Amino acid sequence: MLTNKIEGLIAAPFTPFDSNGELNLDLIPSYYESLKKNHVKGAFICGSTGEGVSLTFDEKVSVLKAWTSLTKNDPDFALIMFLGGTNIKECKQLAVISEQEGADAISFTSPFYFKPAGVQQLAKCCAEIAAAAPHTAFYYYHIPVLTGGNFNMIDLLMEVDNKIPTFRGIKYTHEDFMDFLSCLNFQERKYDMLWGRDENMLSSLVLGSKGAVGSTYNYAAPLYLELIEAYNNGDLEKANKSQQKSIDMIRLLGKYGGIATGKSYMKLVDLDCGEFRLPIANMSSDQFEVFKKEVEDLGFAGFKSIR
């Protein structure tokens, strides 16, 4: 079981598809090696970036096995499997398989169709799923902008503390710094709080964050490592500039349609993950050419991940 707190960058990989929109598992070994070369410490698979909600159960299992075949004997790389957040029974089944296949941790988010009435019900869901994989670390995934699970995470920690033995922490993808700091300090910093907003990393470092999960670490890890190093060395001006580069890069995601733009960035680091599945829209070939020019103007070549 993963018992140590995670420090450094955890990428949230894109699920690679071929030109027909089917899984392209053959790309995953190269993807894994790219993350390792760029000093990324792990992967959070089948999450938002990985289109977990658009994958079938069998596809999730296939993606999981493709990654664990590479990571289960790598003590320096943490693999976190996102189970889902709607079907509790399916999440439990995936939890069992994740443990069998050697995932380091599993993760679950708030049910977003039939929503829990409060943190007590949410905690019950966490407990039942975590119990299905009793030897695997469990992380809650807080992303209320997508789930509508607008709960204070400090309340969830109070509810699960000493009740779920494998509960290790929270992937925190929200902008509530007051809540985040309270969670970080809870029970003398007992839980692992992984920051999930790449564009606000500097602010999280100020509060004491040591680990982060994000999509842009797939293709711009050197930029964030530079930011972290500058902050740790007390060079706040350099850290500020690095964060601004991150913001400028992330703004292009919104300009060109949102989350699918990340796969366009991946093409620019020679890892073609295909396109996003419906209902997400993908940019046209003409838009991609314009996008490439804007990315070049950002100086992307100077901080992009190496292959």
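Contact means heavy atoms within 4.5 Å of each other. This is a predicted model, in which local features need pLDDT of at least 70, side-chain atom pairs count only at pLDDT 80 or more, and totals for chains, interfaces and linings use all residues. Residues are numbered from 1 along each chain as its sequence is written, and side-chain values use heavy atoms, with hydrogens and water left out.

**Exercise 1. The nonpolar cores**

Task: State how many residues the largest nonpolar core has, and which residues Phe-300 touches.

Solution. 
Step 1. A nonpolar core is a set of buried Ala, Val, Leu, Ile, Met, Phe, Trp, Tyr and Cys residues joined through side-chain atoms within 4.5 Å. Buried means under 20% relative accessible area, exposed over 50%, and partly exposed in between (1.4 Å probe, protein chains only).
Step 2. The largest nonpolar core has 91 residues, and Trp-67, Phe-167, Tyr-219 and Phe-300 have the most contacts inside it. Helix 9 (residues 217-232) gives the most to this core, with 9 residues. Helices (H or I, at least four residues) and strands (E, at least two) are DSSP runs, numbered from the N terminus.
Step 3. Not counting residues up to four places away in sequence, Phe-300 touches Tyr-219, Ala-220, Met-249, Tyr-265, Leu-268, Val-269 and Val-295.
Step 4. Another core, of 15 residues, lies apart from the largest one; Leu-2, Tyr-141, Ile-143 and Leu-194 are among its members.
Step 5. In soluble globular proteins, nonpolar side chains tend to be buried together.

**Exercise 2. Helix 7 and its ends**

Task: Find which residues of helix 7 are buried, and what they pack against.

Solution. 
Step 1. Helix 7 covers residues 177-185, and its buried residues are Asp-179, Phe-180, Cys-183 and Leu-184.
Step 2. Seen down the helix axis, these residues fall within an arc of 135°, so they line one face of helix 7. The arc is that of the directions from the helix axis to the C-beta atoms.
Step 3. They pack against helix 6 (153-160), strand 6 (167-172), strand 7 (192-195) and helix 8 (201-207).
Step 4. At the start of helix 7, a side-chain oxygen of Asp-176 comes to within 3.2 Å of the backbone nitrogen of Met-178.
Step 5. Just after helix 7 comes Gln-187, with a positive phi of about 50°, although Gln-187 is not a glycine. At 44% relative accessibility, Gln-187 is partly exposed.
Step 6. Glu-188, in the loop between helix 7 and strand 7, has a positive phi of about 55° and is not a glycine either. Glu-188 is exposed, with a relative accessible area of 78%.

Methods
A polar contact is a pair of N or O atoms within 3.5 Å; within protein, one must be able to donate a hydrogen and the other to accept it, and residues adjacent in sequence count only if both atoms are side-chain atoms.
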